[in-house]
Protein chains: 2
Amino acid sequence: MANDTFSALAHPLRRAIVERLSSGPATVGEVTRDFGVSKPTISRHLKTLEEAGVVSRVIAGRNHRLALRPDTLAEASGWIESQRRRWEALFDAVGEYLEERADQA
Amino acid sequence: MANDTFSALAHPLRRAIVERLSSGPATVGEVTRDFGVSKPTISRHLKTLEEAGVVSRVIAGRNHRLALRPDTLAEASGWIESQRRRWEALFDAVGEYLEERADQA
């Protein structure tokens, strides 16, 4: 699990970019226009997202097309979910044990 | 979606603490011992995890017992998964469209 993925998602503008891209690929120009922030600001945040493997960029001539990388997202949510599930499973097991003990009393 | 959750998970020691706690509650002393780092270091990272709502602390006399908060984890993984699913759904829809078009050709 890379630090970078969670760091990349720890900023509201970068999460907004991810939400924008989840509804389909977009050019850098489109993303910049959508958020009404400066080009250097968008560039900096896109760089963070790309370095973390959350977003990919395909360059075709003057067009830079951005897309989500579902594999990276799946890895990040998978790590969180596996911790949560382990915790819940433990509590289910303890709950069952207590119920059985109550039945025997 | 709070920034804090992803920031909290963006550090290897804090993720290791989450992994430790996913197998059951532990005291601060136990966690400190397990990781072989200084008490101030653990305290600082625990504070970040608590402020982000990832970890809870129950104080009973001299015992500080730490536990995971599965609700916060579920919210974080849920956000990531909903982005990934939207993206995958889009690609499934485009794929079906292309297949139908190919069938008609």
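Colleague: In strand 3 of chain B, which residue is the bridge partner of B:Val55?

Modeller: This is a predicted model, and the pairing is read from its coordinates. Strand 2 (residues 55-60) of chain B and strand 3 (residues 63-68) of chain B pair in the antiparallel sense. Within this pairing, B:Ser56 has B:Ala67 as its bridge partner in strand 3 of chain B. For B:Val55, the bridge partner in strand 3 of chain B is B:Leu68.

Colleague: Turning to chain A, in what order do the three strands of the open sheet stand?

Modeller: Strand 1 of chain A and strand 3 (residues 63-68) of chain A pair in the antiparallel sense over two bridges. Strand 2 of chain A and strand 3 of chain A pair in the antiparallel sense over six bridges. Strand 1 (26-27) and strand 2 (55-60) of chain A each have a single partner strand, so they stand at the edges. The order is therefore 1-3-2.

Colleague: Which residue of strand 3 of chain A is the bridge partner of A:Thr27?

Modeller: A:Ala26 stands opposite A:Leu66 in strand 3 of chain A. The bridge partner of A:Thr27 in strand 3 of chain A is A:Arg65.

Colleague: What angle does the direction of helix 2 of chain A make with that of strand 3 of chain A?

Modeller: Helix 2 (residues 12-22) of chain A packs on the sheet. This helix touches strand 1, strand 2 and strand 3 of chain A. Its direction makes an angle with that of strand 3 of chain A of about 95 degrees.

Colleague: Is the crossing of helix 3 of chain B and helix 4 of chain B left-handed or right-handed?

Modeller: The axes of helix 3 (residues 28-35) of chain B and helix 4 (residues 39-51) of chain B come within 10 Å and cross at roughly 115 degrees. Helix 3 of chain B contributes B:Val28, B:Val31, B:Thr32 and B:Phe35 to the contact, and helix 4 of chain B contributes B:Lys39, B:Ile42 and B:Leu46. By class, that contact has five nonpolar, one polar and one charged residues. The crossing is right-handed.

Colleague: Which element gives the largest share of the side of chain B that touches chain A?

Modeller: In the interface, 28 residues of chain B are in contact with 28 residues of chain A. Two or more residues on the side of chain B come from each of helix 1 (3-9), helix 2 (12-22) and helix 5 (70-104) of chain B. By class, this side has 14 nonpolar, eight polar and six charged residues. The largest share, 13 residues, comes from helix 5 of chain B.

Colleague: What is the relation between chain B and chain A?

Modeller: Chain B can be laid on chain A with an RMSD of 0.1 Å by a turn of 180 degrees and a shift of 0.0 Å along the axis. The same surface serves both copies, as 100% of the contact residues of chain B recur in chain A. The relation is that of a two-fold axis.

Colleague: What ipTM does the predictor give the complex?

Modeller: Chain A averages a pLDDT of 91, and 97% of its residues score at least 70. For the complex, the predictor gives a pTM of 0.87 and an ipTM of 0.86.

Terms used: Residues are numbered from 1 along each chain as its sequence is written. Chains are lettered from A and ligands numbered from 1 in the order in which they are written. This is a predicted model: local features need pLDDT of at least 70, side-chain atom pairs count only at pLDDT 80 or more; totals for chains, interfaces and linings use all residues. Two strands pair if DSSP finds at least two bridges between them. Helices (H or I, at least four residues) and strands (E, at least two) are DSSP runs, numbered from the N terminus. Two residues are in contact if their C-beta atoms, placed from the backbone, lie within 7 Å. Axes are lines fitted to C-alpha atoms, for helices over the stretch in contact, and angles run from 0 to 180 degrees between N-to-C directions. A crossing is left-handed if the near helix is turned anticlockwise from the far one by less than a right angle, and right-handed if clockwise. Ala, Val, Leu, Ile, Met, Phe, Trp, Tyr, Cys and Pro count as nonpolar, Asp, Glu, Lys and Arg as charged, and the others, Gly among them, as polar. pLDDT is the predictor's confidence in each residue, from 0 to 100. Copies are superposed by least squares on the C-alpha atoms of residues with pLDDT of at least 70 in both.
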